[in-house]
Amino acid sequence: MSDQNVSLWAVYRWHVIVGGGLILTQACLIGALLLQRTSRRRAEQSLAEHLRFERLLSELSARLVPVSLDAVDVEIERGLRRVAEFLGADRASLLEYLPDRNVARVCWAVEGVARQSSIVGADRFPWTAEQLERGQVVLFSRLEELPREAAIDRQHHQDAGTRSCLSLPLSAGGSTLGVLSFDSIHHERDWPVELVQRLQLLSEVFAGALERKRVELLIAERLRFETLLSEQTATFSSLSPTEIDRAIERALRRIVDFFRADWSSLAEFSHDSRMARVTHSWVAAEIPWVVARLQRGEVVRFSKIDELPETDAAVDRRTYLRLGIKSQVAVPLKGAGGLLGVFTFSTLGTERSWPDELVQRLQLLGEVFANILSHRQSEMEAQRLRQSLTHIGRVSTIGELMASLAHELTQPLTAILHNAQAAQRTLGAGAVNLEEMREILADIVEDDRRAGEVIHRLRDLLRKGDPEFATLDVNDMVTGMIRIVSSEAALRNMSVHLELAPELPTVWGDRVQLQQVILNLVLNGLDAMREQGTGARVLVIQTATDSSATIRITVRDSGPGIDPADLDHIFQTFYTTKPDGLGMGLAISRSIVEAHGGQMEARNDPDGGATFSFTLPVGGPGQ
Amino acid sequence: MIGPVAPLVFVVDDDPSVRKSLARLIATDGYKVETFASAREFLARPLPEGPCCLVLDVRMPGLTGLALQEALAASRNRLSIVFITGHGDVASTVKAMKGGAIDFLTKPVNARVLLSAIERGVSTDRQSRQKQAKIAELQDRIKTLTAREAEVFALVVTGMLNKQIASDLGISEKMVKVHRGRVMQKMRAGSLAELVRLADQGGVMVAKP
């Protein structure tokens, strides 16, 4: 049987061996096939992922490249979200380095994970920052991978719940603009080299967006500054002296806002340049609680900031802290019409107490200042009234001249129109004589200048504002005035004679106001001669040195003279002998002359007619 | 409009540049222009033979435009006047138009308006000149009549018969016929109707029957 047995093995041995070999081969084949399929699937997967990444990259570029300044942060956040979802990260953030060593952060996080605050100090991750600054990627899969030097970084990562983190520097044009980082909160994870390389590609898109934002902000900032500068230039070019102080303070305020400073001041040097006095200042100080108290007339005092109520005066406390004020007493200055101002004493270095007795003394001193302030306010009000009265007087004087001024203006305008129409017609007829055209244009230019002069003279006279004192040539002033009235006089068939003393010394005064006085006297003179039946109607204007220190300007008419009954009252306000007069002209004229340190008088001439004259002191500024 | 001899336009305005520009503009229409700085200066100039028109500023020192119009009317010189004024008030407008002004324009004047007024002024002037010339010529003819012929002429044109005229003048009817023939001849009239018209134009005082 054994033979049989042997023979059985012998008979089937090859079958068995071949069969087993076949099975083995098949198994090998199947195994290899399976292996191939797996690797192909992996390759396919990697290809698909690669494609997804490509799509993400192009999508982000498409959204972040053309974005406008105000939408850039929103788009960045949207981009972060897309990248984090792609990576399966829990939190993604983009940190932008600000000029003042802080960073601004745009952050996105999955549900349940805290986003991080938007402005943070750059010193939270010193080691990481240093690496990034050198252009290196910082990554760890576990917190323990961070080196010993990174203890602070590790602590802050731990506080933020980060278990793995990848940070990529964002740089453009050689400087580091910010950081792109991805955190894993829920579990630790790896950051394969290939992934990091891809993310570096992505980071370039974000860096580009940051760079553009920075450039646009820079431009916008420059523009804002240009606007500020041109606004201030425009404001100051048209101001009267009394408006300037307020305008300077407003400007300081704008400038403080612009530079985000706390306090700005303008100081003027004394004549000898040894002392500078602060003339204007602006403090960006919000102290609503204190102001409310002062407005109720209460004294406010504190020896240290802690004495101010914590919640009600929270804004005030912050302001004092910022300005470094340690203690303060503020005394309201009360006037008849209410609160005039406030009188403040502060300590900056140390805290101090303000005893009752001291406060009482300050209140007494405050009354002195309140008196000064209220006196100045009423003085300014009176000055303003006087000025507007002077202006009204001038406007009504000019109103009398309106018809002849309109005539003065119509003449050159008519000539311009006719000349231009003559040129049009000549050109239309085709016969162009260049010489004639040149003459026509020259005439147009000349007439335009003439019209401009009329307007200029009028505008000068109608100017409203503070007196502008200057050195004046009296003869010049008289001649300028006569140009305004000469056509009026000619139409009334009256003549104006000038008797101007040569080489008169100059006077110090306001040209417009003094011309107003002369104009007023001349028009009065012309009016006085209206009823005159016989004889030549002549108005004589004379300038002369009155004494070594004064100049006298005289206006003499050939009218009927002043009724002796009126002679004493003619300078009174609202006293008039004209049917349509306001009775203001002479009163205003006299007040102008007196404000210039001169005197005005009126008298009748023995041979008929009236003479008005006024004096002006000779001199320049400061006399 | 503008004949072989260019019509003359006088510009009177006290403002030199307005005067010059007006002259320049008016000249573009082919007129001859003379300028004057005042009404007096203009009055010193003898009036021209040909057609003309006066452009006059209302408001001038010395003699005003309206005063010049009155002065011209008083000296029986009926010139065509176009007034120009800075600001037209109703009173002076009415006065100027009643005085026979062609137009009363307010500065600044549009070229078309001004030139059309001047055109009307010139044509009015030309017509009145033609009329004047005709009258002058008729009066010359009338002057050639003897005293008797003139008497006959005055009666004939009233439509009186020869017999009536003869008895009126106390002469024979035959003499009336002779005188009448001479009148027709001297007055160069072809018919009684034409003689009547000439008498009318020549301003012959017609004695009412």
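So, R301(A) has V329(A) as its bridge partner in β10(A). That strand, β10 (residues 327-335), pairs with β9(A) in the antiparallel sense over three bridges; two strands count as paired if DSSP finds at least two bridges between them. Strands here are DSSP runs of E, at least two residues, and helices are runs of H or I, at least four, numbered from the N terminus.

Quick housekeeping: this is a predicted model, where local features need pLDDT of at least 70 and side-chain atom pairs count only at pLDDT 80 or more, while totals for chains, interfaces and linings use all residues. Residues are numbered from 1 along each chain as its sequence is written, and chains are lettered from A and ligands numbered from 1 in the order in which they are written.

Back to chain A. The open sheet has three strands, ordered β9-β10-β11, with antiparallel pairing. Its edges are β9 (300-302) and β11 (338-347), each pairing on one side only. Strand to strand, the twist averages 15°. Helix α9 (356-400) of chain A packs on this sheet, touching β9, β10 and β11, and runs at about 45° to β10(A). Contact means C-beta atoms, placed from the backbone, within 7 Å; axes are lines fitted to C-alpha atoms, for helices over the stretch in contact, with angles from 0 to 180 degrees between N-to-C directions.

Most residues other than glycine have a negative phi, and most peptide bonds are trans. E503(A), though not a glycine, has a positive phi of about 55°, and sits in the loop between β13 (495-500) and β14 (507-510) of chain A. Over in chain B, K107(B) and P108(B) are joined by a cis peptide bond, omega about -5°.

How values were computed. Two residues are in contact if their C-beta atoms, placed from the backbone, lie within 7 Å.
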